[in-house]
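Hi,

Here is the model I promised to pass on. Have a look first, and my notes follow below.

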2 protein chains.
Amino acid sequence: MKKNLVYAQSGGVTPVINATACGVIEKAREHGDKIGKIYAGKDGILGVLREELIDTSRENKTAITGLRHTPGGAFGSCRYKLKGIQENQREYERLVDVFRAHNIGYFLYNGGGDSSDTAHKVSQISQKMGFPVQCIGVPKTIDNDLPVTDNSPGFGSVAKYVAVSTIEASLDVESMASSSTKVFVLEVMGRHAGWIAAAAGLAAREEGDPPHIILLPEVRFKQREFLKKVKHAVENYGYCTIVVSEGVQDSRGKFLADAGTRDAFGHAQLGGVAPVVANLVRDKLGYKYHWAVSDYLQRAARHIASKTDVEQAYAVGAAAVELALAGKSGVMPVIKRVSNSPYRWKIGETTLGRVANVEKKIPKSYITTDGFGITAAARRYLAPLIQGEDYPPYGRDGLPKYVRMKKVLAKKKLDEFDV
Amino acid sequence: MKKNLVYAQSGGVTPVINATACGVIEKAREHGDKIGKIYAGKDGILGVLREELIDTSRENKTAITGLRHTPGGAFGSCRYKLKGIQENQREYERLVDVFRAHNIGYFLYNGGGDSSDTAHKVSQISQKMGFPVQCIGVPKTIDNDLPVTDNSPGFGSVAKYVAVSTIEASLDVESMASSSTKVFVLEVMGRHAGWIAAAAGLAAREEGDPPHIILLPEVRFKQREFLKKVKHAVENYGYCTIVVSEGVQDSRGKFLADAGTRDAFGHAQLGGVAPVVANLVRDKLGYKYHWAVSDYLQRAARHIASKTDVEQAYAVGAAAVELALAGKSGVMPVIKRVSNSPYRWKIGETTLGRVANVEKKIPKSYITTDGFGITAAARRYLAPLIQGEDYPPYGRDGLPKYVRMKKVLAKKKLDEFDV
């Protein structure tokens, strides 16, 4: 008997998470003999709990194809971590109730470490409750902090955006540094793992190239050494470009971003390590500065996506369906690197237990001894991930043709449920 | 007798100012019978004053062609405004001395209103000093605040970057708004004229589309109405995207960005109106927010340039050379709009006196009655300027192939000069 499928997006979105959705839906549509309806949770797992299941058969083929080049999370996402089964049996049971009511045989959960953990638990509890659902994790995170997989879909595009932006803004600064701004600070995402900031290092191809300093959450901030390095760059290259992870911590482990910036009313100002670093440079060295905080722009910049990343994002989606069709559960497709140069990769497989709740930080061998840059080994790892361009189509109005879903919900069969 | 040419870049650079340089040099190279050496001032007018003239004949053809797709100011720029002739006769005379020493017959000055003023004065004083130099202004400014010309090269690309980024970041916010960030604030440049923020309005094509609020320097900030509009957007569309010009002022004419943000040490924090607006939203409405400050990223984003803009930037450069060859002085090529739909334009001409020191702000008819959006008339004006894509070539490393100049200086003939 045919079973239906539920796909849900989880956590912060990426420029290519919809490419994964596209891979899932297109592959599942090929297998109409085994997979019936393809649903997507509205706003992620919250939609599954609330029995808000988007019926993707109501979306036409062009719209589904367009997901491949559309940023954001087309079906909606959320940050909602289910607690342990003991504390929260009610929600796990609700998921299984919804699955049972809609004859769901496959649950594909597209997210990071937390989502793997959830999918893993759902797999176990559905078995116990006598309605076994095949749960497949699908990797996604701009932070690149998932273990086992060589890299995470979403990261490559953010990496490309950050590397390109670093080159471009530095050309701007360099043009006028002799009489104007000498220090440029670019803040990028990365609360615990500094992969995104590290990727900015790809911009530097020759001695003196920007970024001159990378500040990673993996390395405690050393003010004296930092200022010395800023001065060195300005004196030798005319200017200094600094790329800083939002999660950089001072010597006591306190976030630099929380260094106590306050607004006129005395309210603590949240976010923004770039202005903190820029102010420090001005106070201690007197250089004129500019700073940028790219925030969501970096995470949504589908217009400058990495082709490699788009292909991998699509591939893990399609592979997740294949794993489901092969009868697997509690697993996740991963990206395995076959070679660096030329870059070759293939899809592998791991168990969700190995992925859940493990955070992959930048290894020591990827960080230069002084802590302010990346090594050749890091470049070998990072470089392939930003290769290739994959532009979205543009309209005659000069704007990208991003698609929107109709989001027609399947008819509810259960009582309301409070989340 | 052949005369030499000096080209100089002035003020803040743009994603396409080098396309103008490309137009100047390629057109001048076609006329080797009338134009001898083509020099570029190193770091703009400062290089001319210091007799630091880059000999562009030392740059190969591929490098010059590559200027068309390279952001920043390839020969260097500066913010240096020559004062009035009475106060500063010394510098004007120096310029003429340098021109005389290097047999300069043509001075092409690529900048905004201030530069037009300088070129205008140099034209007059060189005449008086018995060494008449043909001075041609070449329009450039991301702020689009030059009069006479229909638009300024540089603006269209920044406009496209901002409109695309607004769409992308809003898709991100919308994906998760039901349970997470509800308000996104994007800060863009524009100290006195809000054209860049206005261009974000092109992102909105249907009711409810972002940006929901645009804050312009032309409109005094009304806090109560603003908060009401934020609330309305969140309640009706699920989220609110706000695009704010750095130069927005409060009811007393004070920059909102100077609202007294202080760091931990009590130092006033410069720049950053986005966090001020975001904090206000949180304090008064309690919504979770994110903010981005694109700063130099917007001004250097050649990777998403407007094709229209690139073509116009090139065209004004080439046209400036043609004006010089036609014996003109004290003039500037401008862009004249022939029709809106289909968009057609041609190059016209104006006198520098008409351009100098006039700031073109957004007309009232382009701003909605409530002051928070743009009208259909504004859209008709803005829309053509972001049309078309003009991607730079990329290397196999996934990074754009931007060119660098060798910057070989001509031999000095004069004594040192203190600037």
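Domain bounds here come from an automatic or database domain assignment. For chain A that assignment gives domain 1 (3-141 + 302-357) and domain 2 (155-300). Their C-alpha centres lie 35 Å apart, and the contact between them takes 13 residues from domain 1 of chain A and 10 residues from domain 2 of chain A (contact means heavy atoms within 4.5 Å).

Some housekeeping: this is a predicted model, where local features need pLDDT of at least 70 and side-chain atom pairs count only at pLDDT 80 or more, while totals for chains, interfaces and linings use all residues. Residues are numbered from 1 along each chain as its sequence is written, chains are lettered from A and ligands numbered from 1 in the order in which they are written, and side-chain values use heavy atoms, with hydrogens and water left out.

Now the two chains. Chain B can be laid on chain A with an RMSD of 0.0 Å by a turn of 180° and a shift of 0.0 Å along the axis (least-squares superposition on the C-alpha atoms of residues with pLDDT of at least 70 in both). The two copies are thus related as by a two-fold rotation axis. Both use the same surface: 100% of the contact residues of chain B recur in chain A.

Next, helix packing in chain A. Helices are DSSP runs of H or I with at least four residues, numbered from the N terminus; axes are lines fitted to C-alpha atoms over the stretch in contact, with angles from 0 to 180 degrees between N-to-C directions.

Helix α4 (residues 89-101) of chain A packs on helix α5 (residues 113-128) of chain A at about 70°, with the axes 10 Å apart. α4(A) and α5(A) are therefore roughly perpendicular (65 to 115 degrees; angles under 35 are roughly parallel, over 145 roughly antiparallel and the rest oblique). The residues of this contact divide into 6 nonpolar, 2 polar and 1 charged (nonpolar: Ala, Val, Leu, Ile, Met, Phe, Trp, Tyr, Cys and Pro; charged: Asp, Glu, Lys and Arg; polar: the others, Gly among them).

The other pair is helix α1 (residues 17-30) of chain A and helix α11 (residues 307-325) of chain A, whose axes come within 7 Å and cross at roughly 40°. That makes α1(A) oblique to α11(A). Contact residues include Gly23(A) of α1(A) and Gly317(A) of α11(A), and by class there are 10 nonpolar, 3 polar and 3 charged residues.

Cheers

Terms used: Helices (H or I, at least four residues) and strands (E, at least two) are DSSP runs, numbered from the N terminus.
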